[in-house]
Amino acid sequence: MSYTETTEIRVMIRLLPSGDDVEIELPLYSTGGEIVEALLEDSELNLPKNDPEGNPYVYKLFSKARNVEISPEKSLFDVGVREDEILLLMPKLVAGTTHIVH
Amino acid sequence: MSKQKKRISIGREQAWDSTFQLMSWWKTEDVTKAKVMVVGAGALGNEVLKNLALLNIGHILIIDFDTIEYSNLSRSILFRKADAEKGAYKADVAASRIQEINPNIKVKTIKGDITIDVGLGVFREMDVVIGCLDNRLARLFLNRACHKVDKVWIDGAIENLAGELTVYKPNVSCYECELTDREWEHIRFRMGCPDIAARNAAYGRIPTTPISSSIIAAMQVQEALKVIHKNEKQSMAGQKFYYEGMNSTMLQYPVNSPKQDCMSHFLYEPIIEIAELSAEMTIAQALEMIGSHLGEEQPVIVLDHELILELTTEKSEQAHAVVMPKPHLSESYLSQFVQEMGESVLITKEAVYIGRDFPNQDLSLKAIGIPHLHIIQVEAKGETHFIELSGDKDWLQFS
């Protein structure tokens, strides 16, 4: 089957830690960065953009079936994502402590 | 006649790790000789330190500049309410408590900022480094430092019921290579903060739990044990482990290969050890010794950070001669120079290259921002040399 720039694919985005599932259709050549950006901009999803202290959350997209992170510059096609696969959206973790500076 | 019941023990006291010795791969000598640096003594750090002590890791270096707050107690097995009431230092209390747990181990603490107060030679002395940090800038620094001296560092991060572990090994995996544009924006913003508090602030209220810290810290120590036992085959180097407890999700996956053009991929070699060279020496003494060693009359020390030599108030235009390593700058320090309300204090003179023409030759290397047992860059004979302040090795005493 040949794919073009406009070929679309349906995937399930699972948001962590809420566990909510969101079904979306998007071009197969969408990159990880583009997908995360679009999900962040979606007002219905209302994903937090900043942590409680105002520092930016950085999200990553993960393909469970391929066991690989879809990095910002890689597309779904590059990674081999198929129709109806589950992709996890999770924030990159930073904390290791609770730190108050004096 | 009454009979006395008396229990007599004959034989040697059991070794602390007698149970671990039942594991075929366990090497007592490697474990008791091991030196492990733990950066951060917060939620993750507490768990890491507890596990290292229980496992009888011989030498543990704890780095943290923070004091204990009441809110820490719910995630810090080593701290108590009295410690918070006193405002005791996390590093000191953690060191004391793990030695109560296991009197066999030796510890050292550094109450300082990992980005400016810990010499590269200290990293070089370690078998492995465990990162229990709370911000990206410190992780970036740790990554660069470990790459310079070819050390594995094991990163942990937690939030809520989630946690993540990555084993960074030079040439296999790299924290800097993973950073996205958005993360770089944030890091650059932090790097631009002249105030030490502002650079380190603001990650203070992310919710963490003893559940995620227990899991991730346990795995960090597991991976540290593999490094100590030189078990490269089963190491998680190049892998990331992610756990999310609310959805019972566990992932282990490969990280991307290191990129070609990354600033972290810089190995200091060869490292020249000068046995008498110390951060306590004056600039003049140090340059003399280095010059003699390299056969160069005009060696130049290249500082890792700018050294501020003059501050000038913006409106009142008063210039003040100072000697302050830029990362040590703080708003409270600058405020002493302010003459008119609301005026800024500008840096009007700074230096990075310290040679024989530097005016204050009597200043110690420490005073210009070079920590003990650091590995300094020196320009001489048209080349860059990496010289360790090996005279400070005694400073790194574990007790």
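Of the 399 residues of chain B, 42% count as buried, a residue being buried if 20 or more other C-beta atoms, placed from the backbone, lie within 10 Å of its own. The model is predicted, so that local features need pLDDT of at least 70 and side-chain atom pairs count only at pLDDT 80 or more, whereas totals for chains, interfaces and linings use all residues. Residues are numbered from 1 along each chain as its sequence is written, and chains are lettered from A in the order in which they are written.

Chain B holds 12 helices and 14 strands, taken as DSSP runs (H or I, at least four residues, for helices; E, at least two, for strands) and numbered from the N terminus. Its radius of gyration, taken over C-alpha atoms, is 24 Å, close to the 21 Å of the globule rule (2.2 Å times the number of residues to the power 0.38) for 399 residues, so chain B is as compact as a globular protein of that length. Among its contacts with a separation of 6 or more, 71% join residues 24 or more positions apart, a contact meaning C-beta atoms, placed from the backbone, within 7 Å.

The contact between the chains takes 44 residues from chain B and 27 residues from chain A. On the side of chain B that touches chain A, the largest share, four residues, comes from E5(B), and the elements below are among those that each supply at least two residues.

| Element of chain B | Residues |
|---|---|
| Helix H2 | 43-54 |
| Strand E5 | 153-159 |
| Strand E6 | 162-168 |
| Helix H8 | 181-191 |

In helix H1 of chain A, Gly32(A), Ile35(A) and Val36(A) are buried.

How values were computed:
Two residues are in contact if their C-beta atoms, placed from the backbone, lie within 7 Å. A residue is buried if 20 or more other C-beta atoms lie within 10 Å of its own, exposed if 12 or fewer, and partly exposed in between; C-beta atoms are placed from the backbone.
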